[in-house]
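Reader: I am new to this structure and would like to know how its descriptions are reached. May I ask about the terms as we go?

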Amino acid sequence: MRISAQRPSSKPLDLLRAIWRGKAGYLFILPLLFFYTVFVLYPSARTIWMMFMRYEFLRPDRLQFIGLANIIEWAQDPRVWETFGVALKFTLMYVPASTLIALIVAILLDRVRRPSVASVFRTLYYFPVVLPAGMLYIAWQWIFDPTWGPLNHMLINVLHLPVPWTRWLGDPNTSLLSLVLMSVWRLMGATMILFLVGLNNIPQELNEAARIDGANEWQLLRHVTLPLLAPIFLVIMVLRLQVLGLIAEPLFMTEGGPVRSTMTYGLQAYYITFRDGNWRMGYGATWFVMLSIFSTLVAFLGWRWFRNRID
Amino acid sequence: MATISKTQIRASVLTRQIIFYAVLVLGAFLSLAPFLWLMGVAFRPIEEAYVVPMNLIPRHLTMENLQLVLDRFTRATSLVMLYRNSVIITGMTVFFVVTCTTLSGFAFSRLKFPGRDVIFWLVTIGMWMPLSTALPALYQMLSGFDLIDTLPGLILPYTGWHLALGNFIMRSAFSAIPKDLEDAATIDGAGTFRLFREIMFPLVSSSLVTVAIFTFVPVWGEYLLAFTFTSKVDAMPISIGIRLLNPGAGTGEWTFPVAATATLISFIPPMLIYFGLQKWFTKGLMEGALKF
């Protein structure tokens, strides 16, 4: 009786005392917490809440709790599958291409003996990543231009290649591919750095031991380097999964066209939220949240699958 | 026989070296090519810009496009405005992020308080949270505060969304300081605030630069929030605003080479930081590579 009476009264009191003693800590993290809760956590949570509302930004008077109606509409919306297919097509072209190129470049750079030479190359390869993306989209629109653009000029007049497509962003067959090309160019360096970090962490003795055992370069790569890079592959896959929600590239360069060939899931959600009708934010929020749930699920499953394979 | 095979081996090693470097150089060239082409457009005379096909390399070089942009800078307000907005938005965001994460990095690594680790991981998860999921509510919130089409309307969300990486880097920086130093200062009677200001803060200044760089570069080129939250030149950063100045036909003063020059000028700040602060940049990349 005495024990049970004492425990609840002393435990919260201890906690309060600990909180009071740690007050300086809270004071130091207060500015961070302010920005983080108000501009990151709260809007994210509020978007989830919007999912259950009929909420049109330009008609706030029509605000009403509608339960699962948005989710039901989403599940029956044919645009979901159509645009998700476009995003998936982009992901399936972009992720393997950029990962493979970055891996090759990283392995080559890792073999450059002189650190100063390696750092010059690394600096140049990473260079596109630091350029302001918004401006690069415009520059690449010029580059892809069928008449003035240097890409066609280079391929046709200089290299004399038989190019089957020349309209790039203007052709529904190649518009998505063009966005992939630009993205691979723009972000290859970022993936390369991840691989370089991974290669750096491989102990040099391991490579030497394999060489002494008579492994050639290819065997070394296949049986030592790549298996040890497995965790980095996982990180890259999880990070790159974000391109499923791709918005900015098609928004700025093609506006989803021509004939919806670059209308990605993220862009469709963006247009529903900020352009269609009275800006259907509640329904748009549903699109965004459903994608987040899906991406998190895939990342989690991928992580488990990968971990099992490594063990 | 033996000597021949030795020279053969040497020759084959040399060939392999040549191919190896040729591939690396070609790759580096492809990385730079769009940028070099843009330079070529910016410094070519107007007559060479509007011919089909447009030569990859200009025959003559000229500074007149730069002159035209600079003229426009002094005459037309819009371009000055766009650059000014970008400088203010990026500068303020960097200031807020550096301030917040220096304080929080110290607390998360050196102070003890209930919930510390939970809060730290909650903030760190923010590195992988999709910005688009917060977009509708963020817009509604900012418009509720009348912050759409204003500079704070971009600075505040930018700060929130760029804290996680800085917080992570700063906590590692403070954790790297030996405990003895802290103990010595405490014995000398220094309180938490003096410990932070006089002992710890000077020791993490290089990480501070890293955080500043890694906030500056993405914010300077940010486009999605900037495009969504601004529609008037008063608050628009250059990353979006340059779109308003898209070149049309070969006439008028806003020609293709002039636009290319203006674009190149917007590349200058991140390039200066990238090439000028290579040391810190590489350090930050290796520390915070997971984010990119």
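Reader: What span would a straight helix of 28 residues have, and what does α2(A) span?

Author: At 1.5 Å a residue, a straight helix of that length would span 40 Å, but α2(A) spans only 35 Å between its end C-alpha atoms. The expected span is 1.5 Å times one less than the number of residues. A helix here is a DSSP run of H or I with at least four residues, a strand is a run of E with at least two, and both are numbered from the N terminus. This is a predicted model, in which local features need pLDDT of at least 70 and side-chain atom pairs count only at pLDDT 80 or more, while totals for chains, interfaces and linings use all residues. Residues are numbered from 1 along each chain as its sequence is written, and chains are lettered from A and ligands numbered from 1 in the order in which they are written.

Reader: Where does α2(A) bend, and by how much?

Author: The bend is at Leu30(A) and comes to about 50°. A bend at a residue is the angle between axes fitted to the seven residues ending there and the seven starting there. A proline, Pro31(A), follows within four residues.

Reader: How do you know whether the span of α11(B) agrees with its 16 residues?

Author: Helix α11 (residues 205-220) of chain B should span 22 Å, and its end C-alpha atoms are 22 Å apart, so the two agree.

Reader: What makes α11(B) mostly covered?

Author: Of its 16 residues, 12 are buried. A residue is buried if 20 or more other C-beta atoms, placed from the backbone, lie within 10 Å of its own, exposed if 12 or fewer do, and partly exposed in between. The buried residues of α11(B) include Phe214(B), Phe216(B) and Trp220(B). In α2(A), the buried residues include Phe28(A), Phe35(A) and Phe39(A).

Reader: Why is Ala69(A) called partly exposed?

Author: Ala69(A) has 16 C-beta neighbours inside 10 Å, which means that the count falls between the limits of 12 and 20. Ala69(A) is found in helix α3 (residues 69-76) of chain A. The C-alpha atoms of Ala69(A) and Val117(A), 48 residues apart in sequence, are 60 Å apart in space.

Reader: Why are α2(A) and α6(B) called roughly perpendicular?

Author: Helix α2 (residues 23-50) of chain A and helix α6 (residues 131-144) of chain B pack at an angle of about 100°, with their axes 7 Å apart. Axes are lines fitted to C-alpha atoms, for helices over the stretch in contact, and angles run from 0 to 180 degrees between N-to-C directions. Angles under 35 degrees count as roughly parallel, over 145 as roughly antiparallel, 65 to 115 as roughly perpendicular and the rest as oblique. The pair is therefore roughly perpendicular. Among the residues in this contact are Val40(A) and Pro43(A) of α2(A) and Ala134(B) and Leu138(B) of α6(B).

Reader: Which classes make up that contact?

Author: The contact of α2(A) with α6(B) has eight nonpolar, three polar and one charged residues. Ala, Val, Leu, Ile, Met, Phe, Trp, Tyr, Cys and Pro count as nonpolar, Asp, Glu, Lys and Arg as charged, and the others, Gly among them, as polar.

Reader: How many residues does each chain give to the whole contact?

Author: Chain A gives 64 residues and chain B gives 70 residues. On the side of chain A, the largest share, 17 residues, comes from α2(A). That side has 48 nonpolar, 15 polar and one charged residues.

Reader: What makes α3(B) roughly perpendicular to α14(B)?

Author: The axes of helix α3 (residues 64-75) and helix α14 (residues 256-276) of chain B come within 9 Å and cross at roughly 70°. That angle makes α3(B) roughly perpendicular to α14(B).

Reader: What is noted about the phi of Val259(A)?

Author: Val259(A) has a positive phi of about 40° although it is not a glycine. Most residues other than glycine have a negative phi. Val259(A) has 9 C-beta neighbours inside 10 Å and so counts as exposed.

Technical notes
Contact = placed C-beta atoms within 7 Å.
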